[in-house]
Amino acid sequence: MAIIQNIRDKYAKIAGGVIVVALVGFVLMDATSGGRGGGLFGKSTKIANVNGSKIDFKEYESRITAYEDQLKQQGQPTDENTRAQARDQVFNQMVLEKLMADINDKLGLTVTESEMKEMFSGNNLDPMVMQALTGGQQVDPAQVAAQVMQLERTKDPKQKAQWEQFKTQLREAKIQNKFSAMVAGSVYTPKFVLDDQHEGRANNATISYVNLPFTLVSDDKVKVTDDDINKYIQAHKKQFESKEETRAVEYVSFNILPSKDDTARVMTSINALRADFAAATDDEAFVKRNSDNPIPVAYQTNEALQTLPNAAEITSAAPGSVVGPFFVGENVTLAKVVDRGSFPDSVKVRHILVMTKQGPNAMRTDAQAQARIDSVLAMEKAGVPFDSLVVRFSDDYNAQRPDAQKGEYEFPLSQKSGISKEFGDFAFSSAAVGATKVVKVDNQGYAGFHYIQILKKGKEISSSKIAFVGKQLSADNNTYNAIYAKASQFAQKITTDPKAFDKEALANGLNKQNAGGINQNSFIIPGVGASNDMVRWVYNAKVGDASQIFPLSGNRLVVAKLTEINPKGIIKPTGATKTALESYLKQQKKAQLLIDANKGKGLDVIAQNNQLQIATADSVTFVANSIQGIGNEPKVQGYIFNKNFKDNTVSPGIGGLNGVYFVLVNKRFVNAAMGRDLKTERMMNDMMMKSNATQMIMQSIRESADVKDMRSSLYN
């Protein structure tokens with residue numbers, strides 16, 4: 001359960017990740033609700049076929065809702081882009097579940113009833129069960145057993161559906177664990193592979209080389225034809241094969257940015273607060289009442305304040321002074337120096353918490369909590385280890401967090417304001433290391449008694465208690481309307497004459513961008529973001545058509561033109577795809593001209609003729625990701641360690657990623673200091689393979705599956 005809000009925030013991403021993967025579909029899922037698919041489309045609605053097995057719209061929408069609820073609980077935004085990403089993530093997860101269910105059935109992987117019972121009982125509850133039923137807290141197994149019995153016997157249809165869904169998710173997760181363990185157990189690295197890897201690490205070379213950049217050949221010296229492009233595609237069909245139709249657009253964005261009038265308006269608004277801010281006696285309340293994005297009033301180190309534009313003025317101003325206004329991101333801000341002091345830059349403490357209330361729910365009386373704390377103090381004095389007392393008595397104990405098992409936390413000074421006030425005041429007080437105190441806390445999140453011990457303190461640093469009031473600098477309706485009118489003029493012109501897209505973009509100072517790979521089921525357009533309306537238009541337009549205005553999140557208006565329709569199969573290169581291929585093939589033709597012009601010459605002659613210098617690289621190895629002075633050039637690395645390439649011989653021209661290279665290997669040698677431990681090598685290689693093996697197999701299963709995605713019929 002959450003105890004100190006900031007302490008919980010410290011682990012929110014980790015806990016949230018476990019919850020999303022393990023419990024998606026459980027919390028707040030109404031398995032019996034109709035949703036969009038029930039009343040409107042009926043029970044037969046499906047959004048996909050996976051090897052002949054359907055995914056139902058109702059279940060899909062329910063899973064998305066659960067996913068978004070988890071994001072909200074973690075404090076993450078749930079805007080249009082987040083929802084679009086959730087649709088894809090949940091869909092991919094459901095497809096994999098369908099595929100893995102078939103695989104696991106064929107393999108005979110199951111979870112027995114006795115295994116299920118074991119997960120809900122004993123002193124070592126399954127982590128998923130612990131998270132779902134106890135919030136991650138270690139509690140009396142009898143309490144869990146009683147809770148499970150209550151859920152099994154519940155007459156509430158909604159709660160019953162949630163419980164059954166959770167058990168299904170739990171069973172599937174355990175089967176997946178068995179599959180992963182089976183795959184990991186099959187991993188073995190043969191000795192010849194280890195020998196090859198060792199040879200790649202141990203063999204070194206020293207080289208001299210000349211790099212001829214492609215810019216040595218002007219663009220007018222090479223020409224790429226449609227025939228060149230088609231031949232390249234035919235020779236590399238796998239790279240240009242699409243399993244579904246995709247489309248591409250070019251587009252311009254009209255960013256809705258604040259005008260001078262907007263800035264003046266916000267400046268006037270915040271300056272009107274200045275006198276009242278200086279006179280305020282309750283700075284926290286003033287900030288909450290007047291700031292668009294309230295920041296807790298807190299002590300800030302001088303180092304942290306250096307990121308602000310008025311840092312020097314803030315750090316030198318007297319307490320009670322108001323500094324600003326100044327710009328911080330999208331806010332116009334005033335800063336009030338409330339106090340100055342000296343605090344440790346960090347503290348490490350351990351504690352035991354006995355709660356009287358969690359949120360609105362009472363847990364025990366103050367007297368009961370005080371008696372429990374008194375028992376803790378007495379047992380510690382009698383010699384009972386603190387770790388044991390945490391496990392037995394603390395309501396903040398979490399078996400899944402190693403540091404929390406000891407009741408230990410370490411806080412930088414910047415987190416002081418986020419900790420419960422009484423807790424933070426003592427932790428960062430002048431009390432010496434080893435000092436202890438029982439403090440009573442009562443806030444919106446919880447109430448209770450903390451028994452705190454200070455374990456370590458950092459160095460004392462000067463700090464300032466600062467209150468910030470910010471007003472967001474945003475465009476008002478007049479500004480929005482003016483920018484919309486400009487976008488509307490552009491859209492009207494290119495709708496009348498789509499061929500004028502480039503001309504009008506240039507005349508308006510707009511940066512034209514490209515977005516490709518858009519399919520019927522796309523929720524997000526690369527570079528544009530989430531826009532069902534734009535995807536719908538893309539699939540109703542013809543090549544060359546210009547669009548209307550698409551308002552997008554992030555204060556943008558977008559106008560687009562459809563440039564490509566790539567049917568299923570080998571793509572037809574047009575638009576951005578054709579441009580990219582032309583650029584690559586032009587580079588290859590330049591490489592061939594450079595190779596032919598310098599063929600059979602020594603390095604010194606090649607360097608002199610091209611007004612370049614001979615460079616060197618020492619200790620080159622085959623397994624390194626790059627070569628000193630050259631960077632990532634796999635072809636060059638391969639040539640250096642090709643056994644048929646003799647030392648002190650100039651290589652043929654090697655067409656690389658960044659130019660043409662002529663290389664001379666001065667010396668090859670084995671690094672004598674490179675010892676071997678075959679057992680360790682195999683263990684490390686096996687570990688690496690095991691960490692990726694399951695994902696690789698699942699990806700392979702996904703790519704070979706017959707998946708028909710039909711979401712576009714409902715969304716786009």
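Strand E1 (residues 46-50) pairs with E2 in the antiparallel sense over four bridges. Strands are DSSP runs of type E, at least two residues long, while helices are runs of type H or I, at least four long, and numbering starts from the N terminus. Two strands count as paired if DSSP finds at least two bridges between them. This is a predicted model: local features need pLDDT of at least 70, side-chain atom pairs count only at pLDDT 80 or more, and totals for chains, interfaces and linings use all residues. Residues are numbered from 1 along each chain as its sequence is written, and side-chain values use heavy atoms, with hydrogens and water left out.

**Exercise 1.** Find the strand order of the open sheet of three strands.

Solution. 
- Start with a bridge: Asn49 has Lys54 in E2 as its partner.
- The order is E2-E1-E24, with antiparallel pairing.
- E2 (53-56) and E24 (707-709) stand at the edges with a single partner strand each, so one side of each lacks a neighbour in the sheet.

**Exercise 2.** Sort residues of H12 into buried and exposed.

Solution. 
- Buried means under 20% relative accessible area, exposed over 50%, partly exposed in between (1.4 Å probe, protein chains only).
- Asp262, Val266 and Ile270 are buried.
- The face turned away from the buried side carries exposed Lys260, Asp261 and Thr268.
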